[in-house]
Amino acid sequence: MEKKLELVFATAAGAKKTLTVANPREDVNKEQADQAMQAVLDSQAFGVQGAALKAPVEARIRTTDVTVLE
């Protein structure tokens, strides 16, 4: 089973941008995810087609179960 932490942001242009973190800690919580999202916003390191990230929308854990067919 694969887990990813998805951090979803709104952009200044009104679009949404998702940053994905592979293999997050098992005990990551909402407060920690919110702090990480704020750090990303404060860094101004990311944008979408020239539009800066403006605000956090949500943080979520995506779990994927892969079965190899033989």
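## Salt bridges and sheet in a predicted model

A search of the whole structure turns up seven salt bridges, a salt bridge being a side-chain nitrogen of Lys or Arg within 4 Å of a carboxyl oxygen of Asp or Glu. This is a predicted model, where local features need pLDDT of at least 70 and side-chain atom pairs count only at pLDDT 80 or more, while totals for chains, interfaces and linings use all residues. Residues are numbered from 1 along each chain as its sequence is written, and side-chain values use heavy atoms, leaving out hydrogens and water.

| Salt bridge | Closest N and O atoms |
|---|---|
| E6 and R62 | 2.7 Å |
| R60 and E58 | 2.5 Å |

E6 lies in strand β1 and R62 in strand β4, so their pair ties together parts 56 residues apart in sequence. Salt bridges with shared partners join E6, E58, R60 and R62 into one network. E6 counts as buried at 7% relative accessibility, whereas R62 is partly exposed at 42%; buried means under 20% relative accessible area, exposed over 50%, and partly exposed in between (1.4 Å probe, protein chains only).

Now to the sheet. Four strands form an open sheet in the order β2-β1-β4-β3, with antiparallel pairing; strands (E, at least two residues) and helices (H or I, at least four) are DSSP runs numbered from the N terminus, and two strands pair if DSSP finds at least two bridges between them. β1 (residues 2–11) and β4 (residues 51–64) pair over 10 bridges, and A10 stands opposite A55 in β4. β1 and β2 pair over seven bridges.
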